[in-house]
Amino acid sequence: SQGPAVPDSLLLLAGTRIIYDHKFLLECKNSPVARTPPCCLPQIPGVTSLAQSSLVKLEELKERNESEEATPGEQPRRTAP
């Protein structure tokens, strides 16, 4: 009898199925290799890198935080989202 159908992408050339346990996958998530993008990865805004609009928003937030730190006596104003 045969087991459930397995996509070809999960089979090695010899037909061996690779099964990873949950603990191993969680350990891989925290690996430095997993946090480093491949060297030849193309820069696609919004996919492999932040979208340009996101970069502008991050820069604005950084400037706002720096200006609030420069005036320590004032209470920061909260704006509605």
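This is a predicted model: local features need pLDDT of at least 70, side-chain atom pairs count only at pLDDT 80 or more; totals for chains, interfaces and linings use all residues.

Author: Counting disulfides, meaning pairs of cysteine sulfur atoms within 2.5 Å, gives 0. Take C40: the nearest cysteine sulfur belongs to C39 and sits 3.5 Å away, and C40 is in no disulfide. C40 has a relative accessible area of 69%, so it counts as exposed, where exposed means over 50%, buried under 20% and partly exposed in between, with a 1.4 Å probe and protein chains only. C28 is partly exposed, at 31%.

Residues are numbered from 1 along each chain as its sequence is written, and side-chain values use heavy atoms, with hydrogens and water left out.

On to confidence. pLDDT is the predictor's confidence in each residue, from 0 to 100. The chain averages 74, and 63% of the residues score at least 70.

As for the fold, you get 3 helices and 0 strands, in the order α-α-α from the N terminus. Those elements are DSSP runs numbered from the N terminus: helices are H or I with at least four residues, strands E with at least two. Of the 81 residues, 0% count as buried. The accessible surface is about 8100 Å², with 58% of that belonging to carbon and sulfur atoms; areas come from the Shrake-Rupley method with a 1.4 Å probe, and for residues only the protein chains shown count as cover.

There's also a nonpolar patch on the surface, made of I18, Y20, F24 and L25, with about 380 Å² of accessible area together. Patch residues have over 30% relative accessible area and no salt bridge, with nonpolar side chains (Val, Leu, Ile, Met, Phe, Trp, Tyr) joined within 5 Å and like charges within 9 Å. A salt bridge is a side-chain nitrogen of Lys or Arg within 4 Å of a carboxyl oxygen of Asp or Glu. I18 is in the segment before α1 (22-29) and is partly exposed at 35%. Y20 is partly exposed too, at 49%, as is F24 at 37%.

The structure holds 1 aromatic pair. Y20 and F24 have ring centres 5.6 Å apart and planes at 15°, so they are stacked: rings of Phe, Tyr and Trp (its six-membered ring) pair if their centres lie within 6.5 Å, and planes under 30 degrees apart count as stacked, over 60 as edge-to-face and the rest as tilted.
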